[in-house]
Amino acid sequence: MTTEIHRDDLASKTGMWLFLFTEMLLFGGLFVVYSVYRYRNPIAFHLAAHELSVAIGTINTIILLISSSTIAMSITALQKQNKKLALLLLGITVFLGLAFLVNKYFEWGEHIKEHIYPGSPILALRGQGDVLFYGLYFFMTGLHALHIIIGLIFIAVIAVKIYGDKITFDNFVLLENSGLYWHLVDLIWIFLFPLFYLIT
Amino acid sequence: MENEKNHIIPYKTFLFVLAGLICLTLTSVLVTQISLGPLTVAIALLIAAVKSSFVLRIFMHLKFDNKMFSIGVIAVILLISVVIIITLLDYLYR
Amino acid sequence: MSTPKDIEEPSFLDHKGKYKGIYSWIFSTDHKRIALLYLFSILSFFVIGATLGLLMKFELIAPGNTLMDAQAYNAFFTLHGIVMIFAVVIPGLPAVFGNFLLPIMIGAKDVAFPRLNLMSWYLYVAGVILVVISQFAGQGPPDTGWTFYAPYSFRTTGTMLPAVFGAFVLGFSSILTGLNFLVTIHRMRAPGMTWLKMPLFPWTLYATGWVQLLATPIIGITLLMIVAERTLHIGFFDPTLGGDPLLYQHLFWTYSHPAVYIMILPAMGAISEIITTFAHKTIFGYKFMVASVLSIAFVGYFVWGHHMFTSGMSGTALYTFSLLTFLVAIPSAIKVFNWISTMHKGSIDLQTPFYWAMAFIFVFMVGGFSGLILGSLAANVHLHNTHFVVAHFHFIVFGGTGFAFFGAMHYWFPKITGKMYDTRWANIGLVLFFIGFITLYGPMFYLGFKGMPRRYFDYDEVFHAGNIISTMGSWVLYSGMAIIIINLFASLKSGVKALADQWGGKTLEWTIPSPPPVENFTDIPVITKGPYDYN
């Protein structure tokens with residue numbers, strides 16, 4: 001049935017990077033859509049961007065950057081055999097990810113209260129540029145938020161494995177891989193932030 | 001196993017990089033408050049690119065890994081860029 | 001290189017593992033069993049797709065409503081396309097022969113991620129189930145064509161969501177297979193097998209893996225956008241909301257053109273293996289073959305607009321895409337030249353797989369030349385959306401991937417099953433298949449040139465004669481197909497025992513027993529020579 005299991009950490013890491021490439025291309029397709037509609041509706045996009053809260057966007061950006069550093073540091077902690085610190089850092093990472101989602105919830109809530117959401121007739125009345133801007137905004141940040149949720153679940157699973165000593169100081173490629181996934185989520189946001197909040 | 005297994009990045013490195021990333025973020029926000037025309041967005045994206053390179057090279061370990069991973073990342077970014085450029089060849093010249 | 005074989009070791013078919021009966025198959029992570037799971041599924045859907053095609057051709061035997069009305073015909077060609085493209089030819093060779101042969105041909109015991117491999121098959125099954133559901137749920141089956149063009153795909157009352165999700169899930173299956181093969185080839189080649197000592201079929205699986213990995217996500221996100229249009233009215237492709245339907249076409253074809261290279265590259269790899277074995281001669285121009293495979297994969301990424309020449313794109317886009325389309329033909333031509341040169345002064349052994357290979361070269365060239373005609377902007381204006389296009393892609397995809405699939409079946413059948421098939425019936429089937437194929441698709445070039453549109457259930461009386469010939473071709477083709485498949489199944493039961501090296505091939509699969517043992521090799525071989533060392 002299965003062959004003898006031999007460990008190949010480099011294969012595992014390579015597999016994760018290849019998967020990250022597919023995620024980059026998934027969002028890449030949305031960047032294509034963004035480029036086209038931004039080119040065709042420059043003023044509408046510029047004006048609509050003013051309606052987004054730069055403050056919340058900046059805070060969220062910094063939240064993710066900190067969470068990237070905490071998960072990176074958790075690897076160092078595990079390598080130094082400081083299991084407690086590794087788990088603490090992962091806990092902070094998850095907490096920050098949840099904080100990001102909470103911010104997003106309130107941010108979206110504000111827009112939806114003003115009847116700004118995909119398919120809204122009020123939004124349609126505002127003009128095609130606005131419809132496309134907000135369509136892209138909700139779709140791209142929504143897809144990104146979905147990836148945050150997936151990432152948080154992934155990290156939680158890894159944390160449980162570390163707690164149960166299935167992942168240790170000399171066998172931690174799964175922790176590295178979860179870090180890679182989380183950093184990708186951070187990278188996508190690093191580009192979403194200026195493209196929606198800073199094109200003012 | 002790899003030599004890279006023994007390579008441990010100090011906490012300080014991560015904290016310095018984090019500090020730099022936060023500074024760059026705040027810079028990009030301040031820059032875009034000043035109106036520099038089309039240049040504004042270009043600068044914001046450039047800063048985003050610089051931030052990304054820090055995340056890729058330090059947090060994601062590309063600086064210390066086999067060069068093939070970096071080549072792969074750059075190739076994918078180029079691929080997406082070329083697809084966007086070719087698509088815009090349609091929209092720009094209609 | 002070959003070590004004394006352990007005759008006592010049971011084959012992978014007889015292996016007694018943790019599970020019994022059907023569970024020993026559907027829970028197996030053995031790449032060989034997974035390959036056969038795919039073979040069973042893909043062959044089943046091929047027969048379904050072919051039957052749909054047969055019925056479509058019957059509708060077209062006469063103008064007007066012969067068997068079905070326009071709406072039913074729309075549903076037929078939609079399902080025919082979805083099944084054939086997403087469930088048959090894209091998974092096709094990689095999922096069946098890639099899974100079975102790749103680890104063996106590079107001297108490995110399995111792929112890099114065996115459990116992920118099984119997951120890929122589960123995703124395949126989930127995907128096709130969703131597609132089947134779309135036929136029976138809701139207000140009627142999808143009627144947009146397999147291309148799901150906007151805005152109709154989000155306005156039609158046909159049941160789109162399961163079909164679109166099904167395609168998405170099938171795409172995910174494809175991505176994971178590609179990922180698995182890429183890591184396998186990078187990390188698990190036998191000692192001494194440098195990149196340039198790897199046989200050509202694994203090379204094509206490598207190039208295909210990159211295409212699967214880097215192109216499929218684009219259609220993934222595009223299908224999600226269609227879902228968002230249908231459910232949320234998000235506006236990306238809706239002209240009333242500011243969207244551009246053409247952008248859908250750009251995104252769709254940015255994947256779907258590279259997808260045809262997913263279909264054809266492994267086919268070309270299998271043909272290379274077959275030709276070199278039956279010519280008993282090393283492949284002509286190995287390095288150029290490798291370079292051409294990689295160039296096809298690379299350049300193929302940038303030609304998607306040739307599906308959109310009459311859509312309203314800018315002039316700049318038109319001639320950019322036309323130029324790149326002509327360029328991508330060059331490496332394919334190099335391959336054809338090298339195949340012929342391999343045969344030249346070879347010691348040819350005329351067997352069934354070799355006949356398939358020769359048939360492949362012929363139909364592939366017809367398909368390829370017709371592609372160049374379509375790639376010329378002026379000709380395209382006349383030929384777009386006519387039966388000329390239908391002829392082109394059937395010659396090159398069915399002729400290409402399809403013929404190579406059957407060739408590969410007859411080449412590797414003895415290795416996989418340990419039995420030999422009845423050669424006479426195999427060849428009779430092939431001849432009928434080939435005659436039926438040419439009769440079915442040949443007239444379509446003429447019909448299209450004369451102006452018969454595609455995807456129409458009706459046509460002008462002036463096209464009647466050509467259609468009668470074409471439909472009769474479909475009957476001959478279908479009977480050929482039936483003979484081929486029945487022959488192979490019958491040989492499973494009553495075939496003569498096959499040899500470990502049935503054909504005198506030089507690649508690693510011929511050094512192990514037929515059928516192979518579970519772990520392929522008793523000892524991992526050490527490679528010292530090139531892959532086709534006939535000297």
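So, how many residues does the contact take from chain A, and how many from chain C? The numbers are 28 residues from chain A and 35 residues from chain C. Before I go on: this is a predicted model, so please hear everything I say with that in mind.

Let's stay on the chain A side of that contact. Helix 1, residues 9-40, and helix 6, residues 128-163, each put in at least two residues. Helix 1 of chain A gives the most, with 15 residues. In terms of class, the side of chain A that touches chain C has 17 nonpolar residues, ten polar ones and one charged.

Now chain A as a whole. The C-alpha trace of chain A spans about 60 × 35 × 25 Å along its principal axes. Chain A has 200 residues, and 50% of them count as buried. If you take contacts in chain A between residues at least 6 apart in sequence, 75% join residues at least 24 apart.

Just after helix 6 of chain A, Asp165(A) takes a positive phi of about 60°.

Okay, over to chain C, and the core. The largest nonpolar core has 269 residues, and those with the most contacts inside it are Ile271(C) and Phe360(C). Helix 9 of chain C gives the most to this core, with 22 residues. And what does Phe360(C) touch, if you don't count residues up to four places away in sequence? You find Ile271(C), plus Gly399(C), Gly400(C), Phe403(C), Ala404(C) and Gly407(C).

Next, a helix pair in chain C. The axes of helix 12, residues 352-375, and helix 15, residues 423-449, come within 10 Å and cross at roughly 10°. With that angle, helix 12 of chain C is roughly parallel to helix 15 of chain C. On the helix 12 side, the contact is made by Thr352(C), Tyr355(C), Trp356(C), Ala359(C), Val363(C) and Ser370(C). From helix 15 of chain C, the residues include Leu430(C), Phe434(C), Phe437(C) and Phe445(C). Sorted by class, the residues of this contact come to nine nonpolar, four polar and no charged.

As background, most residues other than glycine have a negative phi, and most peptide bonds are trans. So where do we find cis bonds in chain C? One joins Ala150(C) and Pro151(C), with omega about -5°, and Pro151(C) is in the loop between helix 5 and helix 6 of chain C. Another runs from Ser514(C) to Pro515(C), with omega near -10°; Pro515(C) is in the segment after strand 2 of chain C.

Then there are positive phi values. His280(C) has one of about 45° although it is not a glycine, and it is in the loop between helix 9 and helix 10 of chain C. Asn520(C), also not a glycine, has a positive phi of about 65° and lies in the segment after strand 2 of chain C. Buried or partly exposed? His280(C) counts as partly exposed because it has 16 C-beta neighbours inside 10 Å, while Asn520(C), with 22 such neighbours, counts as buried.

That's it from me; over to you.

Notes: Residues numbered from 1 in each chain as written. Chains lettered and ligands numbered in written order. Predicted model: local features only at pLDDT ≥ 70, side-chain atom pairs only at ≥ 80, totals over all residues. Contact = placed C-beta atoms within 7 Å. Helix = DSSP H or I, 4+ residues; strand = E, 2+ residues; numbered from the N terminus. Nonpolar A, V, L, I, M, F, W, Y, C, P; charged D, E, K, R; others polar. Axes fitted to C-alpha atoms, helices over the stretch in contact; angles between N-to-C directions. Parallel < 35°, antiparallel > 145°, perpendicular 65-115°, else oblique. Buried ≥ 20, exposed ≤ 12 C-beta atoms within 10 Å, placed from the backbone. Core = buried A, V, L, I, M, F, W, Y, C linked by C-beta atoms within 7 Å.
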